[in-house]
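This briefing covers the overall make-up of one protein and then two of its residues. Please keep the sequence and the structure in view while reading.

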Amino acid sequence: MNTWRNASLAVTAAALLTLTTACGQENGAASPNGQSVGNAAPAQQPAESGYGSAGGGYGSGADADAAETKEAGQLGVQDSKKLGKVLTDSEGFTLYRFDKDTANPPKSNCDGECAAIWPVVGAGNAVAAAGTDDELLGEVTRADGTKQLTIDGWPMYRYAKDTAPGQVNGQGVGGTWFASAPDGKKAAVNADSAGAGAAEPADPAGLSVRKDPKLGDIVVDGRGMTVYRFTKDSAWPMKTACTGDCLKKWPVVAPVAKSEVDGVTTKGFVTFDRPDGIKQQTIDCWPIYTFAGDSKPGDTNGQGVGGTWYAVSPDSKLVGAAK
């Protein structure tokens with residue numbers, strides 16, 4: 001009888017432990033009280049309509065990994081206000097390159113979930129854009145046998161959240177994805193537009209690490225903007241004290257796919273369903289924000305504001321806060 005009772009108590013204790021660590025479930029979404037409410041699809045992954053489709057097209061549905069590769073066709077060059085000359089496919093969709101790939105020799109390091117978010121561009125019928133060097137066109141054979149287009153050795157991709165020709169939503173995601181110039185180099189960012197939209201939530205956003213000369217290693221979003229935490233928030237239970245007008249100064253960081261995280265902890269990496277209906281990314285269960293007063297990548301104007309706002313270290317700690 002005592003053996004059965006001890007076993008029952010152990011099961012109960014295990015159940016309680018599971019509840020108290022629910023926030024740390026890496027792929028879940030979190031309700032306002034901090035508990036996990038199921039596995040939400042990564043924010044960067046297409047949910048309903050896919051690449052170039054108004055509904056249920058390429059990359060749509062739950063099995064986006066199974067989407068077929070689309071050929072490049074006749075390449076084109078688009079003049080982007082933000083990025084200058086950008087390479088496009090035959091339908092006018094922006095082509096991207098990945099910093100974790102290599103050009104010499106050509107090699108793709110994006111597959112699985114990554115390839116669902118960043119569909120590969122097939123090399124089969126690629127034709128160089130007018131006025132560009134066709135000798136820059138090449139191909140690389142992927143692990144599954146697919147022939148992927150390369151430009152000057154760099155494998156080419158589309159972005160699943162570009163849903164119309166001319167969009168460049170993938171620019172700077174994770175600090176590793178960039179629109180391709182016609183010669184395979186990264187498209188040049190127009191400095192005049194670098195601060196545009198600073199007061200809006202980072203969408204799409206990736207998370208990576210930047211070494212600041214004063215603060216050391218700090219987390220930045222996909223645009224290179226500094227990420228902050230608010231000391232009046234709490235991680236367990238997960239709550240926010242920044243609402244209403246506060247969000248105009250401190251926009252939330254939108255949900256981020258784990259595949260777009262580089263060098264930042266994914267402990268407690270859940271989506272916070274705020275009481276105001278906004279979905280917010282968390283690190284170690286702490287809600288994270290950017291600052292409207294930061295006008296360009298590298299700014300840290302939000303550091304120490306009010307003695308309550310601080311940049312975030314890669315392991316989710318407050319940088320420079322009094323202990």
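Strands here are DSSP runs of type E with at least two residues, numbered from the N terminus. By that numbering, Leu318 lies in the segment after β22, a strand that spans 309-311. The model is predicted. The points below start with the whole protein and then turn to single residues.

**Whole protein**
- The protein contains three helices and 22 strands.
- Of its 323 residues, 46% are buried.
- Taking contacts between residues at least 6 apart in sequence, 67% join residues at least 24 apart.
- The accessible surface is about 15,200 Å², and carbon and sulfur atoms account for 53% of that surface.

**Leu318**
- Leu318 has a relative accessible area of 26% and is therefore partly exposed, as that class runs between the cut-offs of 20% and 50%.
- Apart from neighbours within four places in sequence, Leu318 is in contact with Arg229, Thr231, Tyr310 and Ala311.
- Tyr228 is 90 residues away from Leu318 in sequence, yet the two C-alpha atoms are 8.2 Å apart in space.

**Gln171**
- Gln171 sits in the loop that runs between β12 (154-155) and β13 (177-179).
- The relative accessibility of Gln171 is 19%, so Gln171 counts as buried, the cut-off being under 20%.
- The Gln171 side chain reaches the backbone nitrogen of Ala179 at 2.8 Å.

Note on methods:
Residues numbered from 1 in each chain as written. Predicted model: local features only at pLDDT ≥ 70, side-chain atom pairs only at ≥ 80, totals over all residues. Heavy atoms only, no water. Helix = DSSP H or I, 4+ residues; strand = E, 2+ residues; numbered from the N terminus. Buried < 20%, exposed > 50% of the residue type's maximum accessible area, 1.4 Å probe, protein only. Contact = heavy atoms within 4.5 Å. Polar contact = N/O pair within 3.5 Å; in protein donor to acceptor, adjacent residues only side chain to side chain. Areas by Shrake-Rupley, 256 points an atom, 1.4 Å probe, with all protein chains shown as cover.
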